[in-house]
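Here is a short report on a two-chain model. Keep the sequence and the structure open while you read.

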Amino acid sequence: MMIKKIDKNQFKELFDKLKENYNIAAPVLIDKNKKTLVEYHYIDDFDKIDWDEQADSSPKNIIFPQNAPVGNDYKEKQYYDTEQDTLILGVRSCDIEAIKTLDQVFIEDEMYIDKNYKARRDKITLVGLSCPQRNKSCFCDTLGFNPVESNYAPLYIFKDGNEFWIKVKDKKFESVFENLPDGNQDKLEELIEKRINTFTESSFELDIPIPLPEKEMFEADIWEEMSEKCLGCGICTYYCPTCYCFNFIWEGKDGESTKYKNWDSCMFSTYSAHASGHNPRDSKEKRYRNRIMHKFSYHPLNYEGLGCVGCGRCIDRCPVNLDIREALKLTEKYLEEKGGAKSGKD
Amino acid sequence: MLPHKAEVLEIKQETETNLNIKTFKVKFIDNDIRKNFNFKPGQFMMVTVYGLGEAPFGFSSSPTEKDYIEFSVKEVGLVTEALHNLKEGDKIGIRGPFGNGFPLDSTEGKNIIFIGGGIGLAPLRSMINYVLDEKNRDKYQRIQLLNAFRSPEDTLFCDDYQWWENSKDTLVKYTIDEPCEGWSKCVGYPHTLIAEELDYNLPDTRVFTCGPPIMIKFITERLQELGIEPSEIITTLEMRMSCGVGKCGRCNIGHYYVCKDGPVFTLEQLREMPDEY
């Protein structure tokens, strides 16, 4: 592993050098109808990067676009050859963990590999960013993730004032960084230690078995109360960095039509509705139950790890202030009253 | 995720006007794909109407038919309506096969009962024609069919009845919901007829059933009353699907995806799963 320590101007030079070989995306502050948002966008200018705020939307939007062509019916054009090498700068632990989840689902499952996702993903390098402080709604540490460091990104940045420490974990990138000044490993460890200590007060305490016991929690009588306020707008799933449900649609006439993969949402009533009119999830409590259970029971039963990374975006975005932390606390209370449950794997 | 092009060879109007069901006979245009396309009864495919959308359909022909595949479609939504408007010679897209299929191997040596209701007979027909095929017939014991329809106008696969009835050691029964002039076969819902019309108590019997959810519910209850083990009661489920490979999310029952872990489940498995289908 290589450790480098550079100042802002040196990073700016590095950025311009990287630009020659990569598309670079990073969190930038944008003004949408006088409402400021931090979002991941492709940028040319280093000074535009917002290092301080958690991005309102996650880099999922780049890795798994909301709407992307899969192919068409008139020639053998495959869309997965068209992507450029890309660096996504400044990805925090929660979003790195979320990308790990997407990778599990779309490229690490031997049953089926999504070629379009893989082609895009293979050309994307994550440059992690140590989280500077807790946001008002996030709780990654409660779920067992480390906000200060993550091993899943091959490059990782620790920003300390105007200084940037870069951990180069993948040898492939060493040549890019070799001429930059070295950083002292002990000093970096000190910095990491200090930062971890700012996260010692956990956002909230939670004691639930993972995976949640499938049938027992499915049958629990808590979902109606929990979802009473829900409008079914689906914004939680659109901002969620791990939500990956999608729908295929065809556009164009026969002979010149294109197939698209679009995001879908389990919070929409049409999501599971049959053409006959029958709908296995015909009420909002059933849909809300499915969302929570998918993240904390079904996904952990099918894959390693959770389907939620604690980024808190669904909490910030919900128009009626539904809070996934409250849902988890209610779950904890329910299981406690039932005398402590075993996890779904036991 | 892109379908292979297939040509519609033949469209058969199965039912009269009240319940619009058609059976499509199709073949892949590419010879290599045609040769390499192997499926099991009980599996399904995603059928694309180019420019409009795709939907899942079970195979209704047997894989022993090498020259074509068939599927049967009841007109209920956009894709099915567009399929019904197709003409012979038109092109569609097909992806698959998907899903687990019926357990053919573990059924060898057993007595088999098939109970199909309406379009639910379509996926069963794939297996019926497979086990009655002369190459396979000796692997299975007595084969009994109870085919249930709303009315004589709603009967499906009529061209098969004669060879089903004439097959070795086979019993075929037909029923409709209400008495009807000119109908001399059984009348009544299928669960009320199992005990009197079928030899349900032969040893080592396995039952395959498919139909409307309410029918499946009554059939499975009745079969258990008659002493058939939940592990020997097998059904196949329908769900809205988009991908067919357990990724798009919508067809889940708990952590199972009907498209890849199903669509065929035993009653024993369904009892362990959340009740959401």
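## A lysine in chain A

Lys215(A) counts as partly exposed because 15 C-beta neighbours lie inside 10 Å. The cut-offs are these: a residue is buried if 20 or more other C-beta atoms lie within 10 Å of its own, exposed if 12 or fewer, and partly exposed in between, with C-beta atoms placed from the backbone. Lys215(A) sits in helix α7 (residues 214-218) of chain A. Asp45(A) is 170 residues away from Lys215(A) in sequence and 52 Å away in space, C-alpha to C-alpha.

## How to read the model

The model is predicted: local features need pLDDT of at least 70, side-chain atom pairs count only at pLDDT 80 or more, and totals for chains, interfaces and linings use all residues. Residues are numbered from 1 along each chain as its sequence is written, while chains are lettered from A and ligands numbered from 1 in the order in which they are written.

## Chain A as a whole

Chain A has 12 helices and 10 strands. Both are DSSP runs numbered from the N terminus: helices are H or I with at least four residues, strands are E with at least two. Of the 346 residues in chain A, 37% are buried. The C-alpha trace spans about 65 × 60 × 45 Å along the principal axes of chain A.

Among contacts in chain A with a separation of 6 or more, 72% link residues 24 or more positions apart. Two residues are in contact if their C-beta atoms, placed from the backbone, lie within 7 Å.

## Two domains in chain A

Chain A is assigned domain 1 (2-198) and domain 2 (214-337). Such bounds come from an automatic or database domain assignment. The centres of the two domains of chain A, taken over C-alpha atoms, are 26 Å apart.

Domain 1 of chain A brings 30 residues to the contact, and domain 2 of chain A brings 25. On the domain 1 side, β4 (67-72) and α3 (93-106) of chain A each give two or more residues. The largest share, 8 residues, comes from α3(A). By class, that side has 14 nonpolar, 12 polar and 4 charged residues. Here Ala, Val, Leu, Ile, Met, Phe, Trp, Tyr, Cys and Pro count as nonpolar, Asp, Glu, Lys and Arg as charged, and the others, Gly among them, as polar.

## Chain B and its domains

Chain B has 8 helices and 15 strands. Buried residues make up 48% of its 277 residues. The C-alpha atoms of chain B fill a box of roughly 50 × 45 × 35 Å along the principal axes.

Chain B divides into domain 1 (4-98), domain 2 (104-231) and domain 3 (237-277). The centres of domain 1 and domain 3 of chain B, over C-alpha atoms, are 22 Å apart. Their contact takes 7 residues from domain 1 of chain B and 6 from domain 3 of chain B. On the domain 1 side, β3 (44-49) and β6 (91-98) of chain B each supply at least two residues.

## A sheet in chain B

In which order do the 6 strands of the open sheet in chain B lie? The order is β4-β3-β6-β1-β2-β5, with antiparallel pairing. Strands pair if DSSP finds at least two bridges between them. β4 (53-58) and β5 (69-74) of chain B are at the edges with a single partner strand each, so one side of each lacks a neighbour in the sheet.

β3(B) and β4(B) run antiparallel and are joined by 6 bridges. Met45(B) stands opposite Phe57(B) in β4(B).

## Where the chains meet

Chain B has 27 residues in contact with 35 residues of chain A. The chain B side divides into 9 nonpolar, 11 polar and 7 charged residues.

Gly246(B) lies in the loop between β12 (233-236) and β13 (252-253) of chain B. Is Gly246(B) buried or exposed? Gly246(B) counts as buried because it has 21 C-beta neighbours inside 10 Å. Leaving aside neighbours within four places in sequence, Gly246(B) is in contact with Met111(A), Tyr257(B), Cys259(B) and Lys260(B).
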